[in-house]
Amino acid sequence: MFKMISAMLTCVALGASLPAVAAGAADMKPMSGMSQMGGMKTDKSAAVTATGTGVVKAVDKQAGSVTLAHGPINALGWGPMTMGFKVANAKLLSGVSVGQKVNFTLVSTGDAQTVTAIQPSK
Ligand SMILES: [Cu+2]
């Protein structure tokens with residue numbers, strides 16, 4: 001149980017920490033901050049494509065987002081959790097409805113994940 005909770009917290013932190021970290025770095029000593037940012041940027045530019053399965057919990061076509069209760073995503077070191085994703089194109093959501101089991105593909109760049117494909121699983 002604790003493992004699951006900490007995985008969820010990690011997930012939330014991944015989504016929420018980027019602007020805070022960027023703002024914090026800007027406030028701190030500019031010189032050491034800059035070299036740090038350079039190193040971080042290299043890591044963050046590496047996009048990872050991962051696939052997963054899950055159940056659709058919410059769809060917002062207007063915002064272009066989908067909330068998925070997804071299973072483990074080993075490529076990202078994620079445990080199962082429920083979270084919201086941006087989709088690359090709102091049209092991806094046209095064949096998807098709440099309660100549906102889906103297979104999905106997402107691209108993770110640094111702290112940002114975007115669903116690039118999603119379809120009902122068979
Ligand atoms: Cu997640």
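**Exercise 1.** In this predicted model, find how strands β2 and β3 pair, and over how many bridges.

*Solution.* Start with the ranges: β2 spans residues 65-70, and β3 spans residues 81-87. The two strands pair in the antiparallel sense. Six bridges join them. Now pick one bridge. A69 has T82 in β3 as its partner.

**Exercise 2.** Find how β3 runs relative to strand β5, and which residue stands opposite V87.

*Solution.* Locate β5 at residues 112-120. β3 and β5 run parallel. Two bridges connect them. Then look across from V87: V115 in β5 stands opposite.

**Exercise 3.** Sort the residues of β3 by face, covered or uncovered.

*Solution.* Walk along the strand. M81, M83, F85 and V87 make up the covered face. T82, G84 and K86 make up the uncovered face. Recall two partners from above: T82, which bridges to A69, is on the uncovered face. V87, which stands opposite V115, is on the covered face.

**Exercise 4.** Count the aromatic pairs, then classify the one formed by F85 and F104.

*Solution.* The count is two. For F85 and F104, the ring centres are 5.9 Å apart. That is within the 6.5 Å cut-off, so the rings pair. Next, place the residues. F85 lies in β3 and F104 in β4, residues 101-109, so the pair ties together parts 19 residues apart in sequence. Both F85 and F104 are buried. Last, widen the view: ring pairs link W78, F85 and F104 into a cluster.

Methods
Residues numbered from 1 in each chain as written. Predicted model: local features only at pLDDT ≥ 70, side-chain atom pairs only at ≥ 80, totals over all residues. Heavy atoms only, no water. Buried < 20%, exposed > 50% of the residue type's maximum accessible area, 1.4 Å probe, protein only. Helix = DSSP H or I, 4+ residues; strand = E, 2+ residues; numbered from the N terminus. Pairing = 2+ DSSP bridges. Phe/Tyr/Trp six-rings, centres within 6.5 Å; stacked < 30°, edge-to-face > 60°.
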